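Hi everyone, thanks for coming.

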Amino acid sequence: MSQFFYIHPDNPQARLISQSVEILNKGGVIVYPTDSGYAIGCRLEEKDALQRICRIRQLDANHNFTLMCRDLSELSNYAHVDNTVFRLIKNNTPGNYTFILRATKEVPRRLMNEKRKTIGLRVPSNPIARDLLEAVGEPLMSTSLIMPGDDFTQSDPEEIRDLLDKQVDLVIHGGYIGQKPTTVIDFTDDTPVVARVGTGDPTPFE
């Protein structure tokens, strides 16, 4: 049975954040709140956890996974960016954007788009997500919790618990969140391309 933590959306309890990190450190799969619905994630090195996520979401090798980062200090470890791209991303994070970037060799092959060798990167503003990332000390491998056949991210944590009980190790209840996804900006060719308009304002990248 999945664990279910009620964490305050504005002032996350440090004790529950620590317990969430313990679950991640043991190879766990967790569902947690972001700026645009709930995400499902695990530690970068956890192959079995990643396979569980792929089964839950029925994902193939061409899916762009997202590295959920606490800030941009780790960006150059995982993605190729020039100074212009870095400044543009810095000016718009944290926020409701996912950036598609060319992956470095530090990114495990299983996490990148197999054909394009790209990775998604995101710096959330949600307090629970930010505290989790700070406590883990490295990016989390994440993807939006969109179930097979659905068009929108899951937004009701109690429904998620009923849906994924025994399939994930932890569901964090961080409130009821809107279902509109992030805005996706593709920097694969260095020039920004708005690949999807979501909750983030696309104007700075047009």
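Strand S8 (140-144) gives the most to the lining of the largest pocket, with 3 residues. This is a predicted model, where local features need pLDDT of at least 70, side-chain atom pairs count only at pLDDT 80 or more, and totals for chains, interfaces and linings use all residues. Residues are numbered from 1 along each chain as its sequence is written, and side-chain values use heavy atoms, leaving out hydrogens and water.

Back to the pocket. On a 1 Å grid over the protein atoms alone, a pocket is an open set of points where a 1.4 Å probe fits, with protein on both sides within 12 Å along at least five of seven lines; lining residues have an atom within 4 Å of a point. The lining here has 21 residues, and His 63, Asn 64, Thr 66, Val 184 and Arg 196 lie nearest the centre. Elements giving two or more residues include strand S4 (66-68), strand S10 (183-186) and strand S11 (193-196). Strands are DSSP runs of E, at least two residues, and helices are runs of H or I, at least four, numbered from the N terminus. The space in this pocket is about 360 Å³.

Now, which residues touch the most other members of the largest nonpolar core? Among its 43 residues, they are Val 31 and Leu 101. Helix H2 (47-57) is one of the elements that each supply at least two residues of this core, and H2 has the largest share, 5 residues. Such a core is a set of buried Ala, Val, Leu, Ile, Met, Phe, Trp, Tyr and Cys residues joined through side-chain atoms within 4.5 Å, where buried means under 20% relative accessible area with a 1.4 Å probe, protein chains only.

Val 31 also takes us to a sheet, standing opposite Val 171 in strand S9. Strand S2 (residues 30-34) runs parallel to S9, joined by 2 bridges; at least two DSSP bridges are needed for strands to pair. Strand S1 (residues 3-6) is parallel to S9 too, with 4 bridges, and Tyr 6 faces His 173 there. In S9 (residues 170-173), Leu 170 and Ile 172 point one way, Val 171 and His 173 the other, and all are buried.

Last, the cysteines. How many disulfides are there? The count is 0, taking a disulfide as two cysteine sulfur atoms within 2.5 Å. The sulfur of Cys 42 is 8.9 Å from the closest cysteine sulfur, in Cys 54, so that is too far for a bond.

Notes. Buried means under 20% relative accessible area, exposed over 50%, partly exposed in between (1.4 Å probe, protein chains only). Grid points are joined across faces, edges and corners, and a volume is the space filled by probe spheres set on the points.
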